[in-house]
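Subject: Structure handover

Hello,

Here is the structure for you to open.

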Amino acid sequence: MDQRGPQLTIASVIYSAIFSEACIEFKLMLGAWLMAFPSLQSAVLFVLAVVCAAFSSTALGLFEGRTALAALATELYEAPQKAWMRREYPDDGALLKLGYFQQQFRGTGMHADQAGKLYFLTPADSSPVDLRCVFNPFGPTFILFPHADIMDPDMPLAEKFLLYHELAHGNFEGGSSWLMPRITIVSVVLTSAFFLYSTSPSFWYLLATFLFVCFGFFRSMDLFKRASAEVFADRFAIRVLASESVSDAIAIAEYFHSNWTGTLRCKNEHLTWVHRKITEHRLQAMSVTLSNLKRVTDNKIEFRPVIPGSNRQIYIVYAVSLLYAILGYFGFREDEISSVNYQLLVLMGILFTGLHYFGRSNFAAIIASRRAILERTDGKADERRA
């Protein structure tokens with residue numbers, strides 16, 4: 001395989017910029033504006049808005065990567081007496097099959113030479129560790145895991161599930177689910193402001209905007225984000241196990257289904273309301289997954305990195321955003337065309353410049369944090385264990 005991983009193409013970049021979920025609300029509204037009042041000025045505005053939407057995803061990805069890596073580096077250095085072992089996942093091809101599509105950013109000139117690489121960090125003294133995935137779209141992803149021998153064929157089934165669960169958080173779709181809520185807030189605010197400014201004010205338009213804003217902020221809530229991410233990772237892990245053995249996948253699904261049912265039934269003071277709701281979502285999804293598995297006749301099923309149906313919520317987002325854009329199409333004021341175009345062109349230019357410098361400002365911090373983590377951990381896991 002190419003050392004840099006699968007490469008981006010102009011067609012894939014354009015397709016992703018226009019049809020990706022990032023800022024889809026704003027892109028659809030400006031698309032409706034372009035269709036309502038086709039002109040060169042409107043077309044330039046639409047293209048610039050699409051570029052800004054793509055840049056916002058990139059800038060936010062850099063910021064989130066910087067924040068996560070800095071937090072991990074700080075955590076490792078605050079416990080100097082604790083030694084850590086580091087082991088790199090050996091097969092880029094296998095990671096690609098597991099959905100680590102961020103490999104495509106290698107060689108793009110964004111200091112992303114290690115994008116899609118995966119490192120496991122394990123305490124050298126085998127002390128307990130909280131399982132966690134530190135996702136970085138433009139650099140290496142780190143997973144804190146209790147055992148260094150991640151390729152052990154005799155690994156207990158429950159640990160395999162936890163391993164694949166964390167791997168799901170680190171792949172492109174699983175990691176991106178943590179980035180979308182902030183992008184959604186920005187997109188919904190911009191879309192609503194544009195809609196209210198360019199349409200004739202009325203009770204129904206205000207009501208539609210209120211409902212649209214509520215929908216957007218609901219999607220951006222921490223509970224919704226965490227529940228969706230955990231359900232995705234659970235289904236991903238079960239799907240990988242089912243590709244090896246459906247009977248094993250059923251066994252582990254039943255185990256966690258029973259475990260979570262017991263957790264919800266007991267009155268645990270340490271179980272917060274948020275964790276209880278997340279567990280309820282995971283339990284409901286696992287019930288559906290278990291039911292589907294029991295209908296499989298073969299003992300193996302084909303594994304796909306993107307689980308069919310896992311993005312069903314995206315279609316709801318598209319539908320709601322499209323309805324709001326159609327409402328705008330029939331309510332735009334023609335006397336505001338030139339004014340709105342001019343003001344938004346200036347706004348998009350300022351936003352583009354700001355996003356560009358914001359993204360660049362995160363590069364140095366990302367590289368410094370990555371270097372600190374690699375220096376703090378020992379990559380010779382095999383020799384130390386022997």
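Which residue in β2 does R87 stand opposite? R87 faces F120.

First, the ground rules. This is a predicted model, where local features need pLDDT of at least 70, side-chain atom pairs count only at pLDDT 80 or more, and totals for chains, interfaces and linings use all residues. Residues are numbered from 1 along each chain as its sequence is written, and side-chain values use heavy atoms, with hydrogens and water left out.

**Overall**
The protein chain has 14 helices and four strands. These are DSSP runs numbered from the N terminus: helices are H or I with at least four residues, strands are E with at least two. Of its 386 residues, 46% are buried. Buried means under 20% relative accessible area, exposed over 50%, partly exposed in between, with a 1.4 Å probe and protein chains only.

**The sheet**
The four strands form an open sheet, ordered β1-β2-β4-β3, with mixed pairing. Two strands pair if DSSP finds at least two bridges between them. β1 (84-88) and β3 (132-134) are the edge strands, each pairing on one side only. Ignoring direction, neighbouring strands are turned by 20° against each other on average. β1 and β2 run antiparallel, joined by five bridges.

Helix α3 (residues 40-77) packs on this sheet and touches β1, β2, β3 and β4 (141-144). Its direction makes about 125° with that of β3. α5 lies across β2, β3 and β4, at about 25° to β3. Contact here means heavy atoms within 4.5 Å. Axes are lines fitted to C-alpha atoms, for helices over the stretch in contact, and angles run from 0 to 180 degrees between N-to-C directions.

**The cores**
A nonpolar core is a set of buried Ala, Val, Leu, Ile, Met, Phe, Trp, Tyr and Cys residues joined through side-chain atoms within 4.5 Å. The largest has 35 residues; L118, F120, I143, F161, L167 and I238 touch the most other members. β2 (118-123), α5 (157-170), α9 (222-244), α10 (246-265) and α11 (273-293) each give two or more residues to this core. A second, separate core holds 23 residues, including F26, M29, F194 and Y205.

F161 touches D234, A237, I238, L241, I252, F256 and M286, leaving aside residues up to four places away in sequence.

N171 sits in the loop between α5 and α6 (172-176). N171 counts as buried because its relative accessibility is 1%. Leaving aside residues up to four places away in sequence, N171 touches L98, G99, Y100, Q102, F135, F232 and F236.

Best wishes
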